[in-house]
Every structure is written in structure tokens, then in C-alpha cells.
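Hello,

Here is the structure I promised to pass on. Have a look at it first, and my notes follow below.

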Amino acid sequence: MTSGDLQLRRAEKTDAEQIFALAREFAVSFRPERASFDAAFPELLENEEARLLVATVDGTVRGYLLGFTHLTLFANGRVAWVEEAIIESGFRRLGLGRHLLREFELWARSRDAGYVSLATRRAAEFYKATGYEVSATYYRKLLRPKT
């Protein structure tokens, strides 16, 4: 399979259906609910600290990345965090993820972030291949039941 006409851009309201479908494929620990997605999606598009990017192939969303920047005290300012990143299963290993990550890094640099970090359970080799290194152990505590 070839990558066709690949384009990277910020997500738009009209991408909601395709992004929701990918979010459902992405989620392992949680099951995205449509009402929650519909409430969060427009807020994320407007949030200056968030960047929601899509990779389209021939006009169809085949991947997305959601990340944020925020201020810290220990890192002397702003840092960036990749919260979600997924490429549709039939379009992996074509460079879409690498392009999305690079675009997010450029945005994070433009916001003066000192570094980008993320947690992954299934894509460690991909992130190592793109220059990321293991830095910490990831912990979480559920504050509400999984749905």
C-alpha cells in the first residue's frame, strides 16, 4: 500500500466522525463515549495549550495526535506532552506517525517547550526510532470508574 496524497493539518470540526472512530480503535483501557467526545472535541480545537493534528491520505483522516503544552517549575518553563497518537491499522509503517510527531515537535518548539514527553504501552520501538528515550516510570490512579 502506498501513502497516497499525505497531508498534515490541524483538526477541524468536520473531522469529528473520523477522529472519533480512531479514538475508539486507540482506546484499550477506556471506551470513548460519544457524548463525552462531542463535549471535549470543540474545546480542544479552541484550547491554545492543545494541538490536535490529523494526517490525511487522499482526504481521509488516517491518524491523529493530541498533545498539550504546560508550564512547569522544575524544567524552567513550558514542556509538551503527547496524550494520544494513533494511526489507522492499515496505514501504519508509512511514515504518518513520524510526520505527526515531527509537526507536534515543531509546534512545541514554537511555544518554547523544553522537551516533549509521552507514555506508551504499544509503540516503544517507534518512539525509540524517532529519538525518544525512556525517562521515567508511568503511574496512574483512576478517579472514576472505567466506562
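**The hairpin and its surroundings**

In the hairpin formed by S3 and S4, four residues sit between the strands, and Asn 76 there takes a positive phi near 60°. Helices (H or I, at least four residues) and strands (E, at least two) are DSSP runs, numbered from the N terminus. Please keep in mind that this is a predicted model: local features need pLDDT of at least 70, side-chain atom pairs count only at pLDDT 80 or more, and totals for chains, interfaces and linings use all residues. Residues are numbered from 1 along each chain as its sequence is written, and side-chain values use heavy atoms, with hydrogens and water left out.

S3 pairs with S4 (residues 77-87) in the antiparallel sense over 10 bridges; strands pair if DSSP finds at least two bridges between them. Thr 72 is opposite Gly 77 of S4. On S4 there is also a parallel partner, strand S5 (residues 116-118), joined by three bridges, and Ala 80 has Val 116 as its bridge partner in S5.

Now to Thr 69, which belongs to strand S3 (residues 60-72). Thr 69 counts as buried because its relative accessibility is 2% (buried means under 20% relative accessible area, with a 1.4 Å probe and protein chains only). Its side chain makes polar contacts (N or O atoms within 3.5 Å, where one must be able to donate a hydrogen and the other to accept it) with the side chains of Glu 49 at 2.7 Å and Arg 111 at 3.1 Å.

Enjoy exploring!

Key: Buried < 20%, exposed > 50% of the residue type's maximum accessible area, 1.4 Å probe, protein only.
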